[in-house]
Amino acid sequence: MPTLPRLKSHGAPLPPLAMPFKGSGETVTRAASQRLRLSDIPSTFHCSIVGTCLTTGELRQILIKAGQEDARTATDHALHGRGVRLAGQHDQAGRLLNKALDKRHESSIKRLPRNADEEELRAIWRDCFDRGDIAGPYWALMSHPASPARLLRDIFGEVHMLSHLVGSASRLDLARLTRLERQLEQEKARGARQEMRLKAAAGERAAFQRSARQMEERLIHAEALAAALARPARAEDTLPGQRETEASRFDAQSRRLAEAEERGRALQREVEQLRDLNDAILRENEALETAIATHLQHGAETARPAGPVLYVGGRRNLFEHLRAYAASCDVTLLLHDGGMEDSTTLLPALVGQAATILFPVDHISHSAVGLVKRLCRDQGKPYLPLRSAGLASFLAAITGAGGAYGRT
């Protein structure tokens, strides 16, 4: 479906097929070589022409140049209404509006032959419409001296109906954007909490390292003392039980040092796990921001998997959201709940169809994970374990945040 730029939805009725073209109460004759001015075109078309063929910024500048200083702060709807009223005037403001339309769509105007018949003009419109080029051809045909009333009525109807489709799609995009923004805020808060835990773990690790160094110093001292005790001593230089006491102290120090070192290693492993988890959350945040930017920019290119993606496991109440986002990225998504309701006998065929296999490690059975990995190895397919069954982990994988899409 072509995209209509800045089309204003309105409830104006379609003009009659044989509607005459009038300006200031006089019938306007279409000369073979003279294009129509905006004020010569029936007022029924003015709303769609102003809303489709000019941006809000351009219309604002025209109104300011026409002496309407309050147009600097007027709303988009107010600007549109003023522009429609100016379209039917023959004064300086109306001429400024007509001149702006001609200048903005000069290339589209030049592409239309002056002596073209209805069939040729209709073919040009159909080609432009199918390519999503609406605004320029719409004004060029509306003002063309050879455009018959039947053709104008038809293209007006297509533009009018397209406005409703664009409005419906925009509402869906806004709802999806709101969900993504809410998800992003939640992920940012989770990332902040994870960062605090990581800093606390790093501080605890530093404290254990200091304690380990102190224990090492004590061990060195104990070893020196043990060496001194091991040397032959005269009976008069050794008190009764002194050697046993020093040996027991040395053994206790050694045990405490070993325990401290083990705690330090365990803490190091936990810090590394927390760091990996924090990196995963950061990648998911980047994926959410990329998804939001894509919806805002309408057409931004993002990395995506080559071929269909199979998602195994997860929560069924999120499947529709996963499908919606995958469809917005032009990704074919296959879904299997990991054996909760879907039969695992379907997995071999689904893995065979997919180019990449994803599964959330926190919401899938061990047997399903083992089966998916075995099928991927047998068929040479890459797979990617996701941190969680949430939307953020899925977005990070689909957009390629953090690197490759999977491993075999």
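Visitor: What volume does the largest cavity have?
Guide: The largest cavity has a volume of about 120 Å³. Please note that the model is predicted.

Visitor: How many cavities of 30 Å³ or more does a search of the whole structure find?
Guide: The search finds two cavities that reach 30 Å³ or more.

Visitor: Which residues line the largest cavity?
Guide: The lining consists of R176, R179, L180, H321, L322, A324, Y325, L391, F394 and L395.

Visitor: And how does that lining divide by class?
Guide: Seven of the lining residues are nonpolar, one is polar and two are charged.

Visitor: Which of them gives the most?
Guide: That is α10, which contributes four residues to the lining of the largest cavity.

Visitor: Turning to the whole protein, how many helices and strands are there?
Guide: The secondary structure comprises 13 helices and six strands.

Visitor: What percentage of the residues is buried?
Guide: Of the 408 residues in the protein, 40% are buried.

Visitor: One last topic, contacts: what share comes from residues 24 or more positions apart?
Guide: Among contacts in the protein with a separation of 6 or more, residues 24 or more positions apart account for 75%.

Terms used:
Residues numbered from 1 in each chain as written. Predicted model: local features only at pLDDT ≥ 70, side-chain atom pairs only at ≥ 80, totals over all residues. Heavy atoms only, no water. 1 Å grid on protein atoms, 1.4 Å probe; cavity = no way out; pocket = protein on both sides within 12 Å on 5 of 7 lines; lining within 4 Å. Points joined across faces, edges and corners; volume = space filled by probe spheres on them. Helix = DSSP H or I, 4+ residues; strand = E, 2+ residues; numbered from the N terminus. Nonpolar A, V, L, I, M, F, W, Y, C, P; charged D, E, K, R; others polar. Buried < 20%, exposed > 50% of the residue type's maximum accessible area, 1.4 Å probe, protein only. Contact = heavy atoms within 4.5 Å.
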